[in-house]
Amino acid sequence: MTVPPDVRGLRVRLRQDHPVALDVAFECGAGELLALVGPSGSGKTTVLRCIAGLATPRQGEVACDGEIWLDRRGDVAVSPQRRRVGLVFQHYALFPHLDALANVTSAMSHLPREERAARARALLARVNMEGLEARRPSALSGGQRQRIALARALARDPRVLLLDEPFSAVDQLTRRRLRLELVQLRREIRIPMVLVTHDLEEAQLLGDRLSVLHHGRTLQTGRLENVMRRPAGALVARLLDQRNVFAGVVSHHDEEAGTTWIDWAGTRIECALATRFAPGDRVDWVVPESHVVMHRRERPSRGERENPVRGIVRDVVILGGDARVTLDVHGVDTPLTFEVSVHVAKRNRIAAGAEASVSLLADGIHLMATEATG
C-alpha cells in the first residue's frame, strides 16, 4: 500500500495505553538523522521496535518512502522481513558462532546467493573492517563488533536505519571514532536514520532533528537547534539538561524596542519580544549557560547593564580548564549555573560564599507557557 509521492521519508504515529504507554509522533526525511532522547523508561526502544515491526501498537501508523508499513485503522501490518529496516542494537546481537563475513551475509536473503560474499566484503570495508572477515565476535573489540553490526544492518539495503544506543557499550575513544564514521556514512547513504541515545552531546553532534520523549509521550520534535534554544516547556528544558529554568510574570511589552519585560523575584528581566504572552501571565523561562556572562570585578563593561543579577556563590566545581559556578540569587530557590575558565574564576576571586554579579543576555532568554501541575 502506498501513500502520495509528496509524503516521503519516515512518518511515525503510535498510540497505546499498555503494555507500554505511547503517544508518539514524528517525521524524519531522507538523509536526515533524528535523535530520539528521553529518560530511561520513556519508550524509545519500543518506538524503534514498532518501526521495525517487532512490536505492534494498538493504534497508529508507520510509513516510509511512500509505502505504508503499519495502519491499524486499515488493518495493514507489513512483516518485519518486508520492511527493509536496518537495526543496530546496543549490544551488537551478533551470531557468536559465525565470523564477521557470515554475520553480514546472514542479512542478505533478498540477494542471490552468489552475490552475497562480495557485497558483504564491500560493506565490511566501508565500516573499516577489511581484513577481519574471518574473525568471530569473541576475537574482536567492542568497536569492531559494533562495526560488524552496522555492516549487517546496511546489508539489508534498508529504507531506514535504526540505531539503539549504538555506542554506549564502548569506551570514550572508540565512541568518538564510531561517531565520526557514522557522520561519513550519512554522506554516502540518503535514508532516514533514527538514533536512540541518552547522550545529549551525541544527539547534538549527530542529529539534524530532535524528538524528546517522556513517559512514552512526544513532548517536542523539531530542528535540533530550535528545540535546544526554544524548548516547548520547562520539562523539555530540564530533560535537555538546561539548568537555568525559572518562573516569572510578564510585566509589559515594548514592541518598538522589540522587547518583553518580566518580573523575576523582584528583578526586571529584558527578553526578546514575546507577544504571545499577555501582561500578568505567569511564564517559565530559560537562559542557556552560554548567555550568562560574569562581571569582572575590576573593569566593569557596558554589557553589565544588560539584565544584571547579583548573588552569593554556592559552589565552584573545577572541570578541567573550566569552573562550573552555582550562584544563589536572593528570593530564588533554584541557583543560576554558568561556566567560566579557571583563570577567570581565580582572577575574580570566585569561591563559595563570595559575592558575584552576572548579566543574562536578553537574546538567549526564552519564555515558555507555565506547565500545569498536579
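**Close-up views of a predicted model**

Helix 7 (200-206) and helix 8 (224-229) each contribute at least two residues to the lining of the second largest pocket.

Figure 1. Sorted by class, the lining of the second largest pocket comprises 6 charged, 5 polar and 5 nonpolar residues.

**Figure 2. Asp-241 is found in the loop between helix 9 (234-239) and strand 12 (245-254).** The phi angle of Asp-241 is near 65°, a positive value in a residue other than glycine. With a relative accessible area of 43%, Asp-241 is classed as partly exposed, because this value falls between the limits of 20% and 50%.

**Figure 3. The largest pocket contains about 520 Å³ of space.** Helix 2 (80-83), strand 7 (85-88) and helix 5 (142-154) are the elements that supply two or more residues to its lining. Of these elements, strand 7 provides the largest share, 3 residues. The lining of the largest pocket has 19 residues in total, and Pro-80, Val-85, Leu-87, Ala-107 and Arg-156 lie nearest the centre. The lining of the largest pocket is made up of 11 nonpolar, 5 polar and 3 charged residues.

**Figure 4. Phe-277 occupies the loop between strand 14 (267-272) and strand 15 (282-286).** The relative accessibility of Phe-277 is 9%, so this residue counts as buried, the limit being under 20%. Leaving aside residues up to four places away in sequence, Phe-277 touches Val-250, His-253, Val-283, Leu-367, Met-368 and Ala-369. Thr-260 stands 17 residues from Phe-277 along the chain, and the C-alpha atoms of the two are 9.3 Å apart.

**Figure 5. His-215 lies in the loop between strand 10 (209-214) and strand 11 (217-223).** The phi angle of His-215 is near 50°, which is a positive value in a residue other than glycine. His-215 counts as exposed because its relative accessibility, 61%, is over 50%.

**Figure 6. A cis peptide bond joins His-18 to Pro-19.** The omega angle of this bond is near 0°. Pro-19 is placed in the loop between strand 1 (10-16) and strand 2 (22-28).

**Figure 7. Residues 1-7 are set against the protein, whose mean pLDDT is 91.** In the protein, 95% of residues reach a pLDDT of 70 or more. Over residues 1-7, the pLDDT is below 50, and this stretch makes 11 contacts in the model beyond near neighbours in sequence. Where pLDDT is low, the predicted coordinates should not be read in detail.

**Figure 8. The setting of these views is a protein with 10 helices and 21 strands.** The C-alpha atoms fill a box of roughly 75 × 50 × 35 Å along the principal axes. The protein has 374 residues, 50% of which count as buried. Among contacts with a separation of 6 or more, 65% are between residues 24 or more positions apart. The accessible surface of the protein is about 18,500 Å², and carbon and sulfur atoms account for 48% of that area.

Methods:
Residues are numbered from 1 along each chain as its sequence is written. This is a predicted model: local features need pLDDT of at least 70, side-chain atom pairs count only at pLDDT 80 or more; totals for chains, interfaces and linings use all residues. Side-chain values use heavy atoms; hydrogens and water are left out. On a 1 Å grid over the protein atoms alone, a cavity is a set of points where a 1.4 Å probe fits but cannot get out, and a pocket is an open set with protein on both sides within 12 Å along at least five of seven lines; lining residues have an atom within 4 Å of a point. Grid points are joined across faces, edges and corners, and a volume is the space filled by probe spheres set on the points. Helices (H or I, at least four residues) and strands (E, at least two) are DSSP runs, numbered from the N terminus. Ala, Val, Leu, Ile, Met, Phe, Trp, Tyr, Cys and Pro count as nonpolar, Asp, Glu, Lys and Arg as charged, and the others, Gly among them, as polar. Buried means under 20% relative accessible area, exposed over 50%, partly exposed in between (1.4 Å probe, protein chains only). Contact means heavy atoms within 4.5 Å. Accessible areas come from the Shrake-Rupley method with a 1.4 Å probe; for residues, only the protein chains shown count as cover. pLDDT is the predictor's confidence in each residue, from 0 to 100.
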